[in-house]
Amino acid sequence: MRYLAEPHHDGSALYVSEPAPSPGAPVTVWVRTPRAAGVTGVHVRAVCDGEPRYTEAAVDPDRTSWDISGYGATDVWWRAEITAANPVTRYRFLLRTAGPPAGPGQLWLTAAGVVAHDVTDATDFRLVTHEPPPGWLAGAIVYQIFPDRFGRSGQDRPLPGWALPRDWDHDPVIPSGPGTSQQFYGGDLDGVVRHLDHIEALGADTVYLTPIFPARSNHRYDAAAFDRIDPLLGGDEALHRLADALHARGMRLLGDITTNHCGDAHPWFTAAVSDVHAPERDMFYFDPVTGDYVSWWGVKSLPKLNWGSDLVRERVPAVLTRWLGPLDGWRVDVANMTGRLGSDDHTHEVAALLRRALGPGAALIAEHNHDASADLDRDGWHGTMNYGGFTRPVWSWLRGPDLDLDHFLGVPGGVPSRDGVQTLATLRTFAAHMSWRSLTHSWQLLDSHDSPRIRTVTGARDRHLVALGLQATLPGTPMVFAGSEFGLTGVTGEHSRTPMPWNRPADQDPETLAGYRALLGLRRAEPALRHGGLRWLHADRDCLVHVRETAEESLLVCARRAPGRPLPLPAPATAVHTTGLTVAAGAAADTLPGDGPSFSVWRLTR
């Protein structure tokens, strides 16, 4: 195993005594050093009030004799106590080694791994004393629904003039051009209730709805009101029926809010645009000379909110809190742009304001399709939609050979082909720039209503299931876009919004559906997959191996995109799950088979 001899620490309970410390509280941290690494001493470097301080660690004899991973007594555990002195306290480990004949060596261990040279604090581990996310969020599995395309109750409702009626099972989705945002299939909230058994059987426990307020489009990001639910979806009563049905099952419901803009039919904007003296005028950005207004990406139906306005800061949080009860939190659309325009940068204030308004029990997740790290760990967003740190590297590793897309989540040139070593480097780089708390509460998604489908990207079921295996076993919150469990395809976000194939057996892939139920079910069943630490053991061109660990269990995960040489297991193991292998679950082994594409999970023997 390529990385088996590397010293290790992460933010899980195995290595940090208190994941949510109070300000000024002492916290015990452990670092694990394989004997082969030759570590002879350890200091913890913690930055307190801007100044680094060093604390010498001591060998923890209880853990050093503890066969925590089934590897045998091959690791030395060092223990030290540091103080959560600031809202975010950064720390790292200084490792002394026997070194070359000329003198002892030094290594730094940060969240990015082990290096033999000095590095900045950017990838240090972090203790965070801000109020933690709600307890239920870290173990959640989220299921995303685009309401117009998920399920219908059968109720006939008068259609507005903008709607272009489409037949659920016979009219294909218009992927771009005229009619794209007007095509209307008639899904509603009572239609979601009809299919809750399906969602629950997948292992999901949290439903996330894209916008449900009245609008003049099928996506509803151009909200015309925030004080009522769209009658086309069944109105306020339908939201309460859905929420009650979910809560009765012990499940939760999240909404989708646009804090960056509203629709041009919204009363806030119509008041602002019709009267230069209206108090709402300050809620938007108007050119004092031309009277023109700023909108999202120049789309004039989406006027941008000005978070320098006291009225915006009063009204938008009130919208979010108004719907708590039926809703258990929010996903925030284009959170990365909220409060930002030119010299204005109110984003961190906005995120903190919304988090305080919602209180400790509600989730607040930010949409961000590139590097979100500068917006996290600031008492605002609990996590991000982790396109940059998960979706993009997984796509690059598992893309099909014939994939032809114009861009790669906005990056020109399509999806590059990268090997496993490069993929691991991306995964570790993004994870290292945020706290363990933010990582584990960020959504790990393979696709969404804004992207091509994972089946289109991978081009085949076997690679699709390898991608799903990574989603189900890595830290973070899995977010499944409705329909991917059936193997639905789509080359753009609009094209991916296919009506669910409830009555189209030819569009359902039973083996893919079975894979989702098995792997998401495994995540729900195994505490190590939801709350355990993460230790990477191996990467080569076509294979990635990691282990998820708690004090009670160690699960080794092997993902292969192609056949390769068998790898020795670090300890005897029993197969827990196998996809693409001749080895069945329950079989014992001391090597990882080289079959591929394949995905397998193994319980290491202790």
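A: Strands S27 (567-579) and S29 (598-604) run antiparallel and are joined by 6 bridges. Helices (H or I, at least four residues) and strands (E, at least two) are DSSP runs, numbered from the N terminus. Two strands pair if DSSP finds at least two bridges between them. Before going further, keep in mind that this is a predicted model: local features need pLDDT of at least 70 and side-chain atom pairs count only at pLDDT 80 or more, while totals for chains, interfaces and linings use all residues. Residues are numbered from 1 along each chain as its sequence is written, and side-chain values use heavy atoms, with hydrogens and water left out.

Back to S29. Phe599 in this strand is the bridge partner of Thr579, and Ala559 also stands opposite Phe599. S29 is mostly covered, with 6 of its 7 residues buried; buried means under 20% relative accessible area, exposed over 50%, and partly exposed in between (1.4 Å probe, protein chains only).

Moving on from S26, you get to S25. Strand S25 (residues 543-549) and strand S26 (residues 554-560) run antiparallel and share 7 bridges. On this side, His546 faces Val557 of S26.

Put together, these strands belong to an open sheet of 6 strands, ordered S24-S25-S26-S29-S27-S28 with antiparallel pairing. Strands S24 (533-540) and S28 (588-592) stand at the edges with a single partner strand each, so one side of each has no neighbour in the sheet. On average, neighbouring strands are turned by 35° against each other, direction ignored.

Now for the helices on the sheet. Helix H9 (residues 420-432) packs there, touching S24 and S25, and its direction makes about 155° with that of S24. Contact means heavy atoms within 4.5 Å. As for the angles, axes are lines fitted to C-alpha atoms (for helices, over the stretch in contact), and angles run from 0 to 180 degrees between N-to-C directions. Helix H14 (residues 510-525) lies across S25, S27 and S29, running at about 120° to S27.

H9 has a helical partner too. Its axis and that of helix H8 (residues 387-398) come within 9 Å and cross at roughly 175°. H8 and H9 are therefore roughly antiparallel to each other; the scheme is under 35 degrees for roughly parallel, over 145 for roughly antiparallel, 65 to 115 for roughly perpendicular, and oblique for the rest. On the H8 side, Gly388, Gly389, Phe390, Pro393 and Trp397 meet Gly420, Thr423, Thr426, Leu427 and Phe430 of H9.

Two loops of the sheet are worth a stop. The one between S25 and S26 holds Glu553, which counts as buried because its relative accessibility is 10%. The Glu553 side chain makes a polar contact with the side chain of Arg603 at 2.7 Å. A polar contact here is a pair of N or O atoms within 3.5 Å; within protein, one must be able to donate a hydrogen and the other to accept it, and residues adjacent in sequence count only if both atoms are side-chain atoms. Not counting residues up to four places away in sequence, Glu553 touches Glu526, Pro527, Ala528, Arg548, Arg603 and Arg606.

The other loop runs between S28 and S29 and contains Pro597. The peptide bond from Gly596 to Pro597 is cis, with omega near -5°. For background, most residues other than glycine have a negative phi, and most peptide bonds are trans.

With a relative accessible area of 1%, Leu202 is buried. Setting aside neighbours within four places in sequence, Leu202 is in contact with Tyr143, Glu485, Leu513, Tyr516, Arg517, Leu520 and Gly521. Pro87 is 115 residues from Leu202 along the chain, and their C-alpha atoms are separated by 38 Å.
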